Amino acid sequence: MHILTPELKKMLLSKLKKSVNPDGERIFLFGPVQMPIQIDGETFPFQWYTWLKHPDLPADSESLLNMLDRLPLAELQQSSVLTYGDYSDSELAKVRIHSICHTGDIFGSQRCDCGSQLHIAFQQIVEFGVGAIVYVANHEGRGIGLFNKSLTYALQEHGFDTAEANLSLGHNLDDRSYQDVAIVLNMLRSNPILLLSNNPLKRQSLGRHGVPVIGVENLHGVVSDFNRSYLQSKKHRFNHTLESLV
Ligand SMILES: Nc1nc2c(ncn2[C@@H]2O[C@H](COP(=O)(O)OP(=O)(O)OP(=O)(O)O)[C@@H](O)[C@H]2O)c(=O)[nH]1
């Protein structure tokens, strides 16, 4: 049987880093772990980090390690960062902050542009040589959660656009916070980043939380008959830079 020897425990602890957000909540970041990722038939060496925030987290890494078997982590969401190239030290890196889209990213749903944006972001990062994908797992449905998103989809089948559907159910247009994303980004790198996004609020929010965003490059996904009206709503209701696209 394999046991957690003091050496292995030391190895795990050396990969655990802690930060505290402005609300006083502890965030533990674990990594790197090697993650070979296939993009268009070729495999690229990414480094994987995950982070954990939970109200009951202790102050130090060793205590955290000792209590992990008692936390219901599978019931909660943990987010990831996948870095590529010399991410911590390079002068510039391309970064994609990607809110989870269970339907688009996992199922390949064509109702939105999320899945293709994620794929193109990976392509652009390996092409540039340095970058990161931050996969934000508590952002489903722009922060309303998967169950609520399914209700908004049903309403969109009855004439609502994506904004009206959220509002009609009592949600905001966008409930996402980038505070923890910013903290984690700043734990991994202090040099400037180029953000891959069409959403002006992302840049503003990251900047407000102290991330040195020096530029934004649009990230246009695939347009189809299934997502055209959704993209038009993003352009008109959310001011996304999709001018040349829809
Ligand atoms: N409420 C709601 N959420 C949706 C709908 N379609 C997609 N989403 C969610 O919208 C979010 C899109 O996230 P991102 O692609 O990271 O961000 P964005 O605001 O579109 O900005 P970009 O950086 O330009 O892609 C994901 O959380 C999806 O789950 C919808 O019709 N209703």
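The questions below take up the sheet, then some single residues, then the surroundings of the ligand.

Trainee: What kind of model is this?
Mentor: Values for local features are given where pLDDT is at least 70. That condition applies here because the model is predicted.

Trainee: Which residues does UniProt list for "domain: GTP cyclohydrolase II", and how far apart are the end C-alpha atoms of that stretch?
Mentor: The unreviewed UniProt entry lists residues 78-215 for this domain. Over residues 78-215 the chain is 44% helix and 19% strand. The end C-alpha atoms of the stretch are 28 Å apart.

Trainee: In what order do the strands of the open sheet lie, and which are the edge strands?
Mentor: The open sheet has eight strands with mixed pairing, and their order is 1-2-3-4-6-5-7-8. From one strand to the next, the twist averages 30°. An edge strand pairs on one side only, and this holds for strand 1 (16-20) and strand 8 (213-217).

Trainee: How many bridges join strand 2 to strand 3, and how many join strand 3 to strand 4?
Mentor: Strand 2 covers residues 26-39 and strand 3 covers residues 42-53; the two run antiparallel. Within this pair, Val33 has Trp48 as its bridge partner, and Gln38 stands opposite Thr43. Strand 3 and strand 4 also run antiparallel, with Tyr49 bridged to Val81. The counts are 11 bridges for strand 2 with strand 3 and six for strand 3 with strand 4.

Trainee: Which residue takes a positive phi in the hairpin of strand 2 and strand 3?
Mentor: This hairpin has two residues between the strands. A phi near 50° is found there, and the residue that takes it is Asp40.

Trainee: What angle does helix 4 make with strand 5?
Mentor: Helix 4 (residues 114-128) packs on the sheet. The strands it touches include strand 2, strand 3 and strand 5 (93-99). Its direction makes an angle with that of strand 5 of about 165°.

Trainee: Is the peptide bond from Gly31 to Pro32 cis or trans?
Mentor: Pro32 has its place in strand 2. The omega of the bond from Gly31 to Pro32 is near 5°. The bond is cis.

Trainee: Why is Pro32 called partly exposed, and which residues does it touch?
Mentor: Buried would need 20 or more other C-beta atoms within 10 Å, and exposed would need 12 or fewer. Pro32 has 16, so it counts as partly exposed. Leaving aside residues up to four places away in sequence, Pro32 touches Gln47, Trp48 and Tyr49.

Trainee: Which helix supplies the largest share of the shell around the ligand?
Mentor: Strand 5, helix 4, helix 5 (140-143), helix 6 (146-156) and helix 7 (162-168) each give at least two residues to the shell. The largest share is three residues, and it comes from helix 5.

Trainee: How many nonpolar, polar and charged residues are in the shell, and which residues come nearest to the ligand?
Mentor: By class, the shell has six nonpolar, 12 polar and four charged residues. There are 22 residues around the ligand. Those that come nearest are Ser99, Cys101, Ser197, Asn198 and Asn199.

How values were computed:
Residues numbered from 1 in each chain as written. Predicted model: local features only at pLDDT ≥ 70, side-chain atom pairs only at ≥ 80, totals over all residues. UniProt positions renumbered as here; feature names shortened; annotations may be inferred. Helix = DSSP H or I, 4+ residues; strand = E, 2+ residues; numbered from the N terminus. Pairing = 2+ DSSP bridges. Axes fitted to C-alpha atoms, helices over the stretch in contact; angles between N-to-C directions. Contact = placed C-beta atoms within 7 Å. Near = placed C-beta within 6 Å. Nonpolar A, V, L, I, M, F, W, Y, C, P; charged D, E, K, R; others polar.
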